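Here's a quick walk through one chain, going from a single side chain out to the overall layout. Have a look at the model first, then read on.

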Amino acid sequence: MLGNALIGLREGLEAALVVSILVAFLVRTGRRSELPKVWLGVAVAVVVSGGVTLALTLTQQALTFEAQEAFGGGLSIIAVGFVTWMIFWMRRAARSISADLRGRLEDAIRMGPAAVVVMAALAVGREGLETAVFFFAAAQAAGETTEPLIGFLLGIAVAIVLAYLIYRGAVTLNMARFFTVTGILLIFVAVGILAYGVHDLQEAAILPGLTTLAFDVSAAVPPDSWYGTLLKGVFNFSPQTTVLEAIVWVAYVAVVLTLFLLPQRSARPAAAATSPS
């Protein structure tokens, strides 16, 4: 549940900030008449994202057990690829995203009403599609309960409230620090989903080693205990982990977390270029 709440908070805040940038730009430039078109584009993006989640669910239900495992495992790996790309993209583009969105909206207004709707839909839809795929994979990893949906909706609700308060100037949030902290947490959520996807592919007999365990701590960490449930809900931790799952887990964290924590090279030249003035 907490892992899904983090997904909802992070992705929801990104989408909400995109909307608030577009709305603030139109309000400050005296073009409130364009606001309905932006909101229409946002609505289209939300509907499409919800439709993708529903389509994934219905597709999986229509498959055999082995096909379900293969489908879920493959989609989990794709979802981890999406969220990994998103984490690094947001760290790189956070400083320029506002100016980029304003420029694209300005161009869309000159092109016509339809372009404004499409631009808003695409700006929010990218976040929505990433969220739909990642949420579906996380929900499958958590099991057939309502907790993933509850956690996800709570995260979305908090994100909307935070975005509104930021828009109104009531809250000042250090975005760089926020995206760094949530990025680190999402890396551990993502690696749990990646390990779950590998396990699914092992159960589908696509990958070997289903019965070769790296460790079995189910006696010390019972799956139905409160701490077992917490580890499962946040990090998709499995007390019985295969060797291949463990190798993938360690490799992903070692590579992705190291690259994420490295200082950004682009920041130094920019600082050097502005210091003389």
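## Around Leu101

Setting aside neighbours within four places in sequence, Leu101 is in contact with Val18, Ile21, Leu22, Met119 and Ala123. Bear in mind that this is a predicted model.

Leu101 turns up again in the largest nonpolar core, a set of 34 residues. Along with Leu22 and Leu105, Leu101 is among the residues with the most contacts inside that core.

Helix 1 gives the largest share, with 12 residues. Apart from this core lies another one of 29 residues, and its members include Leu56, Leu75, Val133 and Phe135.

As background, nonpolar side chains tend to be buried together in soluble globular proteins.

## Helix 2 against helix 3

Helix 2 and helix 3 (residues 65–93) pack with their axes 9 Å apart, at an angle of about 150 degrees. The cut-off for roughly antiparallel is over 145 degrees, so helix 2 counts as roughly antiparallel to helix 3.

Which residues make the contact? From helix 2 there are Leu56, Thr59, Gln60 and Gln61, and from helix 3 there are Gln68, Phe71, Gly72 and Leu75. Sorted by class, this contact of helix 2 with helix 3 has five polar, three nonpolar and no charged residues.

## A glutamate in a loop

Glu34 sits in the loop between helix 1 (2–28) and helix 2 (35–61). Is Glu34 buried or exposed? Its relative accessibility is 14%, and the buried class covers anything under 20%, so Glu34 counts as buried. Not counting residues up to four places away in sequence, Glu34 touches Leu26, Ile109 and Val116.

## Aromatic pairs

Searching the whole structure turns up four aromatic pairs. One of them joins Trp85 and Trp89: their ring centres are 5.9 Å apart and their planes meet at 20 degrees, so this pair is stacked. Trp85 and Trp89 are four residues apart in helix 3, which means about one helical turn separates them. What about their surroundings? Trp85 has 42% relative accessibility and counts as partly exposed, whereas Trp89, at 14%, counts as buried.

Phe88 and Phe260 form another pair, with ring centres 5.9 Å apart and planes at 80 degrees, so this one is edge-to-face. Phe88 is in helix 3 and Phe260 is in helix 9 (residues 243–261), so the pair ties together parts that are 172 residues apart in sequence. Phe260 counts as buried, with a relative accessibility of 4%.

## The whole chain

Zooming out, the secondary structure comes to 10 helices and two strands. In sequence order the pattern reads α-α-α-α-α-α-α-β-α-β-α-α.

How much of the chain is buried? Of its 277 residues, 43% count as buried. As for contacts with a separation of 6 or more, 79% of them are accounted for by residues 24 or more positions apart. The pair of Phe88 and Phe260 bridges 172 residues in sequence.

Terms used. Residues numbered from 1 in each chain as written. Predicted model: local features only at pLDDT ≥ 70, side-chain atom pairs only at ≥ 80, totals over all residues. Heavy atoms only, no water. Buried < 20%, exposed > 50% of the residue type's maximum accessible area, 1.4 Å probe, protein only. Contact = heavy atoms within 4.5 Å. Axes fitted to C-alpha atoms, helices over the stretch in contact; angles between N-to-C directions. Parallel < 35°, antiparallel > 145°, perpendicular 65-115°, else oblique. Nonpolar A, V, L, I, M, F, W, Y, C, P; charged D, E, K, R; others polar. Core = buried A, V, L, I, M, F, W, Y, C linked by side-chain atoms within 4.5 Å. Phe/Tyr/Trp six-rings, centres within 6.5 Å; stacked < 30°, edge-to-face > 60°.
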